Amino acid sequence: MNNFTFCSPTEFIFGRDTEKHVGTAVASRGATKVMIVYGSERIRTNGLLGRVEDALAQAGVQFVEYGGIQPNPTAESVYKGIAVALENDVNFLLAIGGGSPIDAAKAIALGAVYPGDFWDFYGGHETPRFALPLGVVLTIPAAGSEGSGNSVITNEETHQKISVRYPGLLRPRFAIMNPEMTLSLPWEQTAYGIVDMMAHIYERYFSNTTGTELVDAYSEAIMRDVMDRALTLRINPEDYDARADVMWAGTLAHNGLCGVGKVEDWASHRLEHEVSAFYHVAHGAGLAVIIPAWMKFCAKRNPDKLWRFAINVMSVDPAGKTTEEIIEEGIAELTHFYHDMGLTTSLKELIGCEPDIEKMVASLERNMGPTLGSYVPLSMDDCKEIYKLAL
């Protein structure tokens with residue numbers, strides 16, 4: 001295990017009716033004027049936005065709304081949000097929703113206190129020193145952004161989907177997590193979220209760092225539980241305990257706990273970012289296509305962790321089988337799991353056309369450089385082959 005520093009200062013307020021505490025949570029942090037950042041109007045029609053605003057008003061906190069954040073939040077929406085924040089002189093951001101509003105709020109938090117272009121940070125030209133504080137009311141478990149310092153924004157003008165990681169600045173001060181808020185989610189959003197949170201663990205689990213038995217063991221336990229709960233929710237989407245498990249798992253998957261002491265990979269996410277940047281698919285849907293293809297490619301070059309994954313997570317019986325057969329069966333079981341959730345593992349089927357692999361690889365190289373990942377360091381030719389495997 002490598003040396004590490006782990007700090008997770010976010011206060012997690014979890015359970016039924018916890019959104020009622022948002023006023024106290026905001027006011028106790030010295031906020032006087034809040035900008036509420038959210039996505040769809042669903043939170044207005046289901047009453048959540050009203051309950052949040054009532055709680056803020058009772059705590060004496062003023063607020064303004066900024067809604068309409070789309071999946072795969074765009075730079076344009078961030079620029080508009082920065083303008084709203086500056087015009088209203090807000091000193092705290094409150095994101096309501098899933099990863100997209102939270103990631104957009106984080107970008108706004110950076111841009112509202114920076115005299116230049118917020119994209120300087122995402123483009124790697126500048127490192128931020130300040131950000132507005134923010135909190136979260138989570139309604140979609142998936143991205144884990146409620147407990148991380150990460151943010152992903154798409155620049156539609158340049159066809160770039162870029163992530164940043166500033167845990168010291170962008171970890172939310174609090175995250176209110178009521179599993180009841182997820183009971184009415186459409187199944188596809190639940191499925192996409194489960195794929196995403198499991199992928200966050202893969203990016204840390206598939207590592208060449210040795211001496212990480214405890215981290216690997218609880219990472220495997222989280223993945224097994226998420227898969228089990230996913231199948232429960234497929235049958236009974238109103239199972240509160242299953243919803244609670246999945247919501248908390250999404251946080252554990254991406255708050256850094258599963259990566260302590262390890263060199264992380266992140267190749268699969270970056271490969272998928274090009275898919276969703278060019279073809280506007282849901283991130284989780286893209287990961288269901290990319291992950292099995294990445295595993296198939298890596299199996300011949302570095303089988304060690306894939307072998308363990310097949311046995312300990314996918315429950316493959318190793319008796320009488322070669323390492324290659326064990327891994328192959330493990331990938332097949334994962335593919336079956338994605339299919340059982342109603343997802344495709346075919347890139348061509350997902351986007352509805354023949355993908356322009358050359359264009360995606362060229363963009364990937366522009367964004368990430370000539371190599372990608374660490375579990376198996378990938379050249380751009382390797383990335384091209386993975387996209388082909390995903391067809």
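Not counting residues up to four places away in sequence, Ala-267 touches Glu-203, Trp-294, Leu-372, Gly-373 and Leu-378. Before I go on, please keep in mind that this is a predicted model.

Where does Ala-267 sit? Ala-267 is in helix H11. Is Ala-267 buried or exposed? Its relative accessibility is 0%, and the cut-off for buried is under 20%, so Ala-267 counts as buried. One distance, for scale: the C-alpha atom of Ala-267 is separated by 25 Å from that of Asp-340, and the two residues are 73 residues apart along the chain.

Now the helix itself. Two packed helices are described by the angle between their axes and the distance between the axes. H11 covers residues 267–279, and it packs with H12 at an angle of about 130 degrees, with the axes 9 Å apart. H11 and H12 are therefore oblique to each other. The crossing of H11 past H12 is right-handed.

Which residues make this contact? On the H11 side they are Ala-267, Ser-268, His-269, Leu-271, Glu-272, His-273 and Val-275. On the H12 side they are His-283, Gly-286, Leu-287, Ile-290, Ile-291 and Trp-294. By type, the contact of H11 with H12 has 7 nonpolar residues, 5 polar and 1 charged.

In soluble globular proteins, nonpolar side chains tend to be buried together. Here the largest nonpolar core has 69 residues, and among those with the most contacts inside it are Leu-271, Trp-294, Phe-309 and Leu-378. Helix H12 gives the most to this core, with 11 residues.

Phe-309 brings us to helix H13, residues 304–312, where Lys-305, Leu-306, Arg-308, Phe-309 and Ala-310 are buried. What do these buried residues of H13 pack against? They pack against helices H8, H9, H12 and H14.

Last, a residue from another helix. Ser-100 is found in helix H5, residues 99–111. With a relative accessibility of 18%, Ser-100 counts as buried, because the limit is under 20%. Leaving aside neighbours within four places in sequence, Ser-100 is in contact with Ile-69, Gln-70, Pro-71, Asn-72 and Pro-73.

Technical notes:
Residues are numbered from 1 along each chain as its sequence is written. This is a predicted model: local features need pLDDT of at least 70, side-chain atom pairs count only at pLDDT 80 or more; totals for chains, interfaces and linings use all residues. Side-chain values use heavy atoms; hydrogens and water are left out. Buried means under 20% relative accessible area, exposed over 50%, partly exposed in between (1.4 Å probe, protein chains only). Helices (H or I, at least four residues) and strands (E, at least two) are DSSP runs, numbered from the N terminus. Contact means heavy atoms within 4.5 Å. Axes are lines fitted to C-alpha atoms, for helices over the stretch in contact, and angles run from 0 to 180 degrees between N-to-C directions. Angles under 35 degrees count as roughly parallel, over 145 as roughly antiparallel, 65 to 115 as roughly perpendicular and the rest as oblique. A crossing is left-handed if the near helix is turned anticlockwise from the far one by less than a right angle, and right-handed if clockwise. Ala, Val, Leu, Ile, Met, Phe, Trp, Tyr, Cys and Pro count as nonpolar, Asp, Glu, Lys and Arg as charged, and the others, Gly among them, as polar. A nonpolar core is a set of buried Ala, Val, Leu, Ile, Met, Phe, Trp, Tyr and Cys residues joined through side-chain atoms within 4.5 Å.
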